Amino acid sequence: MADHLPDDPRQWPADPFRVLGVEPGVAEADIRRAYTRLIRRFKPEHAPEQFRRVREAYEQALEMTRWGGWTPPAFTVTVQSGDEPAPRPAAPADPQDAVWALAATDPAAAYSRLVELGQARPDDPGPALRLYWLLAVRPGLDPDRTRHDWLAAALTRGRLSGPAAELYRREVAADPDRALHGPYRRLTEAADASSHAVLQIAWRRLGPAAAGRAWMVVEDDLAAVAGRAGGLPERDWLSYLVAVAGHAAFEVSHPLSGRCRQLLTGLRHLELREGWAFDLLEEREAAARVWGDTLWVPPLVRDAVRLAWAGAEEWRQAVRRAAAWAAADPPETLRAFDAATRPAGNRRVLEGLARLLAGVAVDPVAYPPEVVRGLAHDFLARDTRADYDVMRPALLAFLLAERLDPEELCRACEVDPGLRPRTLAGHVRADAGLRLAWQTATAGGQ
């Protein structure tokens, strides 16, 4: 429950899980739900210090959960036995293995030894990978470097492939902002990497970079892939370029759009054979024109729809950010949606949001119809205002508190013998803004 914390943040526990009121090891969805409940109580405009601490606890708990289940690789070498009766000679021992064994008892000494090994073997990604794992578990071993510095080094030394590439995929999924900048900023410029490896890294970064509007990263990656396009199958190069152009279409004034158009002229000979790619780009450009005329729509909502229409998987995370905004202040969400529905051009974007929410919204509590009617009677007994427009913010708060779907309220109250519940059901049935605000505020629980 959200009332387990005192109002004074100085009395809060240091453990992030205790702040959130969950046990270590719970699923990420449970952590998000606990966070959503707390920010409803500690709103940033009314309790900024409490809100800051809740946000920090949420980020720490997610980080600990994501890393807690990861076990560093053993880096052992297995020699398959053959059919010959005589034993094979043992492979020479790798000095890294002995140092890695030392990490269990003296991680500081192991860290120093691995740094020395890395300096002696600058083309071997192994020491950098092990240093990455050590700092992932014990970040205090090095005050000047983080695990990201070592993973970037391992990627460069491994020519953007191997175990380091898989670890980087996880980093991009866990923390896109950090995985796109700092030591990873110009990752695709690795000189010794193959064209395929560069393309794979660029693909991996495109969605998160577009979600965070890190367009310089997209530009650099596009330039790196374009410089190696001669070593790629034309279909792979076209697919990537169309994906970049689809995102760039939502940034019409950005130079990236012009660069994509210029590069696509060199692939027009594929238009008959690969017509799907050019058709897809036309669809996304048309969607971008609609999106560009919807400035009244709340920014977090626009971001979620933009990513979905551009084909980025990151739209789900964007929906959750919009859900956190809506859950933190439902009345303001309702006002924002009301304002957004007035210009006709915004409706397609809001309809797009509704379709996205249908895929991520939390299932409401399944109340029997008679219980729903009882809850509605209790609400109407407390709120005696006859003007539905004045009642709407309180009604939304009631529906969210009870986890009661507005559609379920309508079905139950439309057959109520009382006039007020039936009238309420009719108003809610016609109130697209209230239903959308409810859907948005409840979408963060998945």
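Predicted model: local features only at pLDDT ≥ 70, side-chain atom pairs only at ≥ 80, totals over all residues.

1. C410 is in no disulfide: the nearest cysteine sulfur belongs to C413 and is 7.8 Å away, where a disulfide would need the two sulfur atoms within 2.5 Å. C410 counts as buried, at 1% relative accessibility. C260 is also buried, with a relative accessible area of 1%.

2. Largest nonpolar core. This core has 68 residues, and the members that touch the most other members are W150, L155, L160, Y168, L222, W237 and Y240. Helix α12 (residues 234-248) supplies the largest share of the core, 9 residues. Leaving aside residues up to four places away in sequence, Y168 touches L151, L155, A179, L180, Y184, L187, I201, R204 and R205.

3. L131. This residue is placed in helix α6 (residues 125-137). L131 has 0% relative accessibility and therefore counts as buried, the limit being under 20%. Not counting residues up to four places away in sequence, L131 touches Y111, L114, V115 and W150. W150 is also one of the residues listed for the largest nonpolar core as touching the most other members. As for distance across the model, L131 and L399 are 268 residues apart in sequence, and their C-alpha atoms are 50 Å apart in space.

4. Helix α2. Residues 28-41 form this helix of 14 residues, which reaches 20 Å from its first C-alpha to its last, close to the 20 Å expected at 1.5 Å a residue. The buried residues in α2 are A29, I31, R32, A34, Y35, T36, L38 and I39.

5. In one of them, Y35 and Y58 have ring centres 4.1 Å apart and planes at 15°, so the pair is stacked. Because Y35 lies in helix α2 and Y58 in helix α3 (residues 48-68), the pair ties together parts that are 23 residues apart in sequence. Both partners are buried: Y35 has a relative accessible area of 5%, and Y58 has 11%.

6. Edge-to-face pair. The ring centres of F250 and W291 are 5.5 Å apart with planes at 75°, so this pair is edge-to-face. F250 lies in the loop between α12 and α13 (255-265), while W291 lies in helix α14 (residues 275-292), so the pair ties together parts that are 41 residues apart in sequence. F250 and W291 are both buried. W291 has a further neighbour in R302, whose charged end sits over the ring of W291, 3.8 Å from its centre.

7. Helix α14. At 1.5 Å a residue, the 18 residues of α14 should span 26 Å, and the end C-alpha atoms are 26 Å apart, which agrees. The buried residues of α14 are G275, A277, F278, L281, R284, A287, A288, V290 and W291. What covers these buried residues includes α12, α13, α15 (299-309) and α18 (347-360).

Key
Residues numbered from 1 in each chain as written. Heavy atoms only, no water. Helix = DSSP H or I, 4+ residues; strand = E, 2+ residues; numbered from the N terminus. Expected span 1.5 Å × (residues − 1). Buried < 20%, exposed > 50% of the residue type's maximum accessible area, 1.4 Å probe, protein only. Core = buried A, V, L, I, M, F, W, Y, C linked by side-chain atoms within 4.5 Å. Contact = heavy atoms within 4.5 Å. Phe/Tyr/Trp six-rings, centres within 6.5 Å; stacked < 30°, edge-to-face > 60°. Lys NZ or Arg CZ within 6 Å of the ring centre and 35° of its normal.
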